Amino acid sequence: MLRELKTFIAVTRHGTFAAAGMHIGLTQSAVSAQIRQLEQALGVQLFDRTGRQATLNAAGLRALPLAKEILETFNRMAVPVEANEYRGELKVGAIGTAQTGLLPQALLRLHQAAPAVECKLVPGVSLELLSQVDAGELDSAIIIRPPFDLPKELHVQVLRNEPFVLIVPHTLAGDDPLHLISTQPHVRYDRASFGGRLVSRFLREQKLDVQVALELDELEAIVKMVECGLGVSLIPQAGLWLEHPAKVRIIPLGKLTFYREIILLSRYSQRCLPVPQLFARCLLADPSL
């Protein structure tokens, strides 16, 4: 019945039998058959059969958290007490700067401590990775702390605070960040990203209007655009561009400095398992933290 419970949760997550089947590798008819089997075993219907959407009825709403609890309990039963005995897959999501910054050494430590663990790295933006952790598709993720309250089922561990700075072309004169921001074209950190929202708030608080030359989310690409003279940019002091000096000047914001908080996100039910605990320790062992 575990298979049917997994299919039930997938349907509630993806909204239709067809969409759930695409994500778990089953045909729509196979999903329908498993849901029927589950309903017959429980003696209740779980969905209102109206239209294409799979809408939970009262019995389904009651069953959903119990189904998740059953699966999480089963998964804990299958995990060895010692991390070095663990064999399986650890799914970790990470934003771009974490993939090249925090993760390489942390994953090396994890491999040395638990060599039989197969780690799957899933790249993505913070909002996307947050949703995947919340849905149980990832064990944990390294993301920027969002500008809103997180679901109570999610656990947050702060990894680092990264200050924002103004970067300008090497040949551009002047050291007043507010003057340069207001008078020069701006290569803008994507406003849809969590980091970009912090920039938007800063500009709003400082009452600055900017002339946007380009908007994108990749920090290394932003640095390249500034380097070639396209404009100035407010970005966090993080990423590979710090290890490979670019032809830009870094101007601190002084008393106006704001930060993006990098966090390790996981579900409360997962964080006490030996391998996620070990992975968190491997991250926190980074001497730069």
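## Domain 1 and domain 2

About 460 Å² of area is buried between domain 1 and domain 2, with carbon and sulfur atoms giving 44% of it; buried area here is the accessible area (1.4 Å probe) that two parts lose on being put together, summed over both. This is a predicted model, in which local features need pLDDT of at least 70 and side-chain atom pairs count only at pLDDT 80 or more, while totals for chains, interfaces and linings use all residues. Residues are numbered from 1 along each chain as its sequence is written, and side-chain values use heavy atoms, with hydrogens and water left out.

The domain assignment, which is automatic or from a database, divides the protein chain into domain 1 (1-78), domain 2 (88-160 + 261-285) and domain 3 (161-259). The centres of domain 1 and domain 2, taken over C-alpha atoms, are 27 Å apart, and their contact (heavy atoms within 4.5 Å) takes four residues from domain 1 and five residues from domain 2.

## Helices H2 and H3

Helix H2 (residues 17-24) packs with helix H3 (residues 28-42) at an angle of about 105°, and their axes are 8 Å apart. H2 is therefore roughly perpendicular to H3, a term that covers angles of 65 to 115 degrees. From H2, Phe17, Ala18 and Gly21 meet Gln28, Val31, Ser32 and Ile35 of H3.

## The loop residue Gln45

Gln45 is found in the loop between H3 and strand E1 (47-48). Leaving aside residues up to four places away in sequence, Gln45 touches Glu39, Asn57 and Ala59; the C-alpha atoms of Gln45 and Ala59, which are 14 residues apart along the chain, are separated by 7.0 Å.

Definitions and conventions
Axes are lines fitted to C-alpha atoms, for helices over the stretch in contact, and angles run from 0 to 180 degrees between N-to-C directions. Helices (H or I, at least four residues) and strands (E, at least two) are DSSP runs, numbered from the N terminus. Angles under 35 degrees count as roughly parallel, over 145 as roughly antiparallel, 65 to 115 as roughly perpendicular and the rest as oblique.
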